[in-house]
Amino acid sequence: HFVDNLKRLLSNYPATYAHFLKIEVLESAAIIEPHKISNIINECHAFGIEFALDDFGTGYSSLAHLKLIPAKHLKIDQSFIRDMLEDKDDMAIVDAVVSMGDAFHRRIIAEGVETFEHGIVLLKMGCKIMQGYYISRPLPSSAVDEWIKNYQPNLEWIKWAKADWDIHHLPFIMAKSDHLNKVTNIAKLIETQEANTSSVEITSHHASSFGEWYYQHGLTSFAKQQCFIKIKPLHIALHVEIEQILQMVKLGDFATAQTKLPQLFEMQTEIAALITQLEKMLQNPS
C-alpha cells in the first residue's frame with residue numbers, strides 16, 4: 001500500500017510539492033524484489049517523485065539491476081569516497097560508478113565528501129553532485145534557508161573543474177594541504193607534549209607522494225620552470241627538519257622542538273607559494 005499511502009499524504013499539499021520529494025532506497029533492499037520495486041518507482045514517477053539508490057556499491061549490485069530499477073539518482077557509498085585518495089581500488093570503483101551512471105543516464109551523488117581534495121577528484125571524474133561535511137554538517141531546519149542564501153562553492157573547486165589536468169597530478173594538487181596538515185599536527189604534538197608521533201607519517205623526500213610525483217609527472221610537466229626547481233631543496237629540508245623534530249618529541253625534548261617550529265612553518269609557506277605558481281600553469285597551460 002506504499003503508493004496509496006503516499007498519495008494520501010501528498011493530498012494535504014499543493015500538487016507541485018511532489019516534485020520536491022526524493023525518496024532514497026537502499027540498494028540492498030531494492031534488489032530483493034527488483035520488479036516490485038520498479039513498479040512502485042514508476043507509479044511514483046507518474047506524479048513527480050524521484051528516487052535514489054542509496055549506498056550504491058555495497059550490495060550485490062549488477063548491471064541487470066541497474067537497468068531494471070528506474071531510480072534517477074545513484075548515491076556512491078561514503079566508504080568508497082572516504083578512502084579513494086589513498087586506495088587505488090576505491091578510486092577505480094568510484095570512477096567506474098560515475099561512468100556507469102553516465103552510460104545509464106543516472107545522476108551520481110557522492111556521499112561523505114569531507115576534504116577539498118575529494119571534491120576536486122570527483123569533479124575531474126564528472127561527478128558534480130556531492131554531500132558531506134566539507135560542504136556542510138547537518139543543520140537544524142531553522143538554519144537551512146540562511147545557509148542556502150550564503151553558501152559559496154570553493155573557488156579552487158571551480159578553477160580545477162574548468163582546468164584540463166591529468167589525474168596523475170593529484171599528489172601535487174594535494175601537496176599544500178598535506179604539508180600544512182603535517183606541520184600543524186607536529187605543532188599540536190609539541191603543544192600538548194604528546195610523545196606518540198603516530199599522527200604524523202615519517203617519510204623521506206623521495207618516498208613521499210609529492211616526492212614521487214616530483215620525479216615522475218612533475219619533471220615531465222615542469223622540468224624547466226624555476227619555481228619547480230626551487231621546490232626540491234626546500235622539500236628535502238622540510239622532511240629532514242620534520243624527522244629531527246619528531247625525534248625530539250619522542251625523547252620528550254619539547255622545549256627544543258618548539259624553537260624549531262617557526263622555521264618549519266616558514267619552509268612550508270615557501271613551498272606552498274611555489275606550488276601556487278605551478279598550479280596556475282597547470283590550470284592555464286596557455
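A residue counts as buried under 20% relative accessible area, as exposed over 50%, and as partly exposed in between, using a 1.4 Å probe and protein chains only. Keep that in mind for the first stop: select A29, which is partly exposed, with a relative accessible area of 36%.

A word on what you are looking at. This is a predicted model, in which local features need pLDDT of at least 70, side-chain atom pairs count only at pLDDT 80 or more, and totals for chains, interfaces and linings use all residues. Residues are numbered from 1 along each chain as its sequence is written, and side-chain values use heavy atoms, with hydrogens and water left out.

**Stop 1**

A29 sits in helix α2 (residues 27–30). Helices here are DSSP runs of H or I with at least four residues, strands are runs of E with at least two, and both are numbered from the N terminus.

Next, go to L10 in helix α1 (residues 2–10). Is L10 buried or exposed? L10 is buried, at a relative accessible area of 19%. From L10 to L21 is eleven residues in sequence and 10.0 Å in space, C-alpha to C-alpha.

**Stop 2: H105**

Select the loop between α6 (88–103) and β4 (107–110), where you will find H105. H105 is exposed, at 72% relative accessibility. Its phi is positive, about 60 degrees, although H105 is not a glycine. Most residues other than glycine have a negative phi.

**Stop 3: helices α12 and α13**

Show helix α12 (residues 226–251) and helix α13 (residues 254–283): their axes come within 9 Å and cross at roughly 155 degrees. Axes are lines fitted to C-alpha atoms, for helices over the stretch in contact, and angles run from 0 to 180 degrees between N-to-C directions. Because angles over 145 degrees count as roughly antiparallel, α12 and α13 are roughly antiparallel to each other. What kinds of residues make up the contact of α12 with α13? They divide into 19 nonpolar, five polar and four charged. Nonpolar covers Ala, Val, Leu, Ile, Met, Phe, Trp, Tyr, Cys and Pro; charged covers Asp, Glu, Lys and Arg; the others, Gly among them, are polar.

**Stop 4: colour by confidence**

pLDDT is the predictor's confidence in each residue, from 0 to 100. The protein chain averages 88, and 98% of the residues score at least 70.

Key. Parallel < 35°, antiparallel > 145°, perpendicular 65-115°, else oblique.
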